[in-house]
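Me: I have a structure open on my screen and would like to walk through it with you. Could you take my questions one at a time?

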Amino acid sequence: MACHMYGAVVTDGLYPRLADAFPALASEIAELLRAEGEPLAEAVADLPYYGPCTCTATCINLLTPHGSSGSSMIQLERDGMDVIWLSLDPSRTTITDIEVLDGRDLGPSAQRSG
């Protein structure tokens, strides 16, 4: 189940785009969404990246909030295995967080500081 506890604080500063912080991940998400015929694929490149979720020490979600998450989720598969879960806002028009399930190392941008 995706985490919905957001520890990111929105400030007046600009956040990097998900595609800049995680280019391979953003490309993969868009590719998998296109394969499903999902129109959200075209929005992935411009999603802001708010940082890793801080709800618990073991949470692996990456935050891209544009509002609150609803109970909607898109499960993306590769070779019959879930690799990424995308939580959506209540209108199902925006990705609010990304949970990478396959254990890949996303590097320092996905790590909590401190």
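Predicted model: local features only at pLDDT ≥ 70, side-chain atom pairs only at ≥ 80, totals over all residues.

Me: Is Leu 33 buried or exposed, and what is its relative accessible area?

Reply: Leu 33 has its place in helix α2. Leaving out residues up to four places away in sequence, Leu 33 touches Glu 38, Leu 40, Ala 41, Val 44, Ile 74, Leu 76, Leu 86 and Ile 95. Buried means under 20%, so Leu 33 is buried, with a relative accessible area of 0%.

Me: How many Å apart in space are Leu 33 and Glu 77, C-alpha to C-alpha?

Reply: In sequence, Leu 33 and Glu 77 are 44 residues apart. In the fold, the C-alpha to C-alpha separation of Leu 33 and Glu 77 is 9.8 Å.

Me: Which residue's side chain is joined to that of Asp 97 by a polar contact?

Reply: Asp 97 is in strand β5 and counts as buried, at 0% relative accessibility. Tyr 50 is 47 residues from Asp 97 in sequence, with 9.4 Å between their C-alpha atoms. The polar contact spans 3.2 Å, and the side chain that Asp 97 meets there is that of Asn 61.

Me: What kind of aromatic pair do Tyr 15 and Tyr 50 form?

Reply: The model has two aromatic pairs. For Tyr 15 and Tyr 50, the ring centres are 4.1 Å apart and the planes are at 20 degrees; planes under 30 degrees apart count as stacked, so this pair is stacked.

Me: How many residues apart in sequence are the parts that this pair ties together?

Reply: Tyr 15 lies in the segment before α1 (18-21), while Tyr 50 lies in the loop between α2 and β1. Tyr 15 is partly exposed at 25% relative accessibility, whereas Tyr 50 is buried at 18%. The pair therefore ties together parts whose separation in sequence is 35 residues.

Me: And what kind of aromatic pair do Phe 22 and Tyr 49 form?

Reply: Phe 22 lies in the loop between α1 and α2 and Tyr 49 in the loop between α2 and β1, so their pair ties together parts 27 residues apart in sequence. Both residues, Phe 22 and Tyr 49, are buried. Their ring centres are 5.0 Å apart with 80 degrees between the planes, and over 60 counts as edge-to-face, so the pair is edge-to-face.

Me: To finish, what percentage of the 114 residues of the protein chain count as buried?

Reply: The accessible surface of the chain comes to about 6,300 Å², with 54% belonging to carbon and sulfur atoms. Among the 114 residues, the buried share is 44%.

Note on methods: Residues numbered from 1 in each chain as written. Heavy atoms only, no water. Buried < 20%, exposed > 50% of the residue type's maximum accessible area, 1.4 Å probe, protein only. Areas by Shrake-Rupley, 256 points an atom, 1.4 Å probe, with all protein chains shown as cover. Helix = DSSP H or I, 4+ residues; strand = E, 2+ residues; numbered from the N terminus. Contact = heavy atoms within 4.5 Å. Polar contact = N/O pair within 3.5 Å; in protein donor to acceptor, adjacent residues only side chain to side chain. Phe/Tyr/Trp six-rings, centres within 6.5 Å; stacked < 30°, edge-to-face > 60°.
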